[in-house]
Amino acid sequence: MATINLGAIKFNWKGAYNSSTSYAVDDVVSSGGNSYVCIQAHSNQAVGDATAYWNIMSSAGTNGTDLTSTLSTRGDIVYKGASALERLPKGTAGYYLKQGANDPEWGAISGGGVLQAVHNYSSTPVNTSSNSYVATNNSVTITPTASNSKIYGVLSGQIAVNSSSTDPWIFIKVQRSIGGGAYGDIISNWYRRYAPSAGATIAILEDVNFNFIDAPATTSAVVYKVYFHGGGTSVWYGGRSSGEPSSTNGIAIELANGIA
């Protein structure tokens, strides 16, 4: 039976091109990042595209960009700048990504929005006969997530007078402390005067509510608290006696920058 030489029936990988090696048809070599297939047996014929001895099989692509030289911090973003890849540094917590005139950028949320709400409840009344302000249990603590946030606060409770004084008064103010610091007034010297008939005993239990918007300009804990006194008359806050308490409530809502 006659023998027929079919030649190579698959490509033969020969590795990097070597001018001292003899190559047969369908041998494949690499050179300069490209690969070439032999189309005519030979030795010492330089590789090239569409020569008498070689055809190019694949061309090297463009090397990818090493982003480790562009990005440096967790949360960084890379984008196409005017002439090269650029780094957008990690944004501030709570900010959003927006498109600037040409490049992306971070922006603060505007127009207001609720970021968090905190509530505190107490059923323990406080009594004083002092002429100086004393602290009640009507308070609320909030830690803003951004220094430009506003705080909407509501503090509510009950004041009580049980006295035969001919001229009982009650004085209240709301104070704020930031980061454990000294207290300062938010609402100062709110007062109520009661005028009973001479010699009569007055027994009053009245709801009070204080609403305010504050700009503490901090991300430390902020405490809002009610203080009161009766100008020397025995007065209560949060009920009329330890056996007749009422609830006091404190609510603090953090609003994103932009609210009036």
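**Entry 1: secondary structure**

I began with the secondary structure and found 0 helices and 22 strands in the protein. Helices (H or I, at least four residues) and strands (E, at least two) are DSSP runs here, numbered from the N terminus. I note that this is a predicted model, where local features need pLDDT of at least 70, side-chain atom pairs count only at pLDDT 80 or more, and totals for chains, interfaces and linings use all residues. Residues are numbered from 1 along each chain as its sequence is written, and side-chain values use heavy atoms, with hydrogens and water left out.

**Entry 2: a hairpin**

I looked up strand 7 (residues 77-80) and strand 8 (residues 85-88), which run antiparallel and are joined by 4 bridges. Two strands count as paired if DSSP finds at least two bridges between them. The hairpin that connects strand 7 to strand 8 uses 4 residues. I also checked Val78, and its bridge partner in strand 8 is Arg87.

Next I followed an open sheet of 4 strands, with antiparallel pairing and the order 13-18-15-16. Which strands stand at the edges? They are strand 13 (134-142) and strand 16 (184-193); each has a single partner strand, so one side of each is left without a neighbour in the sheet. On average, neighbouring strands of this sheet are turned by 15° against each other, direction ignored; the axes are lines fitted to C-alpha atoms, for helices over the stretch in contact, and angles run from 0 to 180 degrees between N-to-C directions.

Inside the sheet, I found 8 bridges between strand 15 (residues 169-178) and strand 18 (residues 222-229), an antiparallel pair. Ser177 stands opposite Val223 in strand 18.

**Entry 3: the cores**

I then went for the largest nonpolar core, which has 20 residues. Such a core is a set of buried Ala, Val, Leu, Ile, Met, Phe, Trp, Tyr and Cys residues joined through side-chain atoms within 4.5 Å. Buried means under 20% relative accessible area, exposed over 50%, and partly exposed in between (1.4 Å probe, protein chains only). Leu155, Ile172, Tyr224, Phe228 and Tyr237 touch the most other members. Strands 13, 14 (150-163), 15, 17 (202-214), 18 and 19 (235-237) each supply at least two residues of this core.

**Entry 4: aromatic pairs**

I got 10 aromatic pairs in the structure. Rings of Phe, Tyr and Trp (its six-membered ring) pair if their centres lie within 6.5 Å; planes under 30 degrees apart count as stacked, over 60 as edge-to-face and the rest as tilted.

Trp169 lies in strand 15 and Tyr191 in strand 16, so the pair ties together parts that are 22 residues apart in sequence.

Another tilted pair is Phe212 and Tyr224, with 5.0 Å centre to centre and 45° between the planes. Phe212 is buried at 7% relative accessibility, and Tyr224 is buried at 0%. I also noted a cluster in which ring pairs link Tyr17, Tyr23 and Trp54.

**Entry 5: whole protein**

Last, I found that buried residues make up 32% of the 260 residues in the protein.
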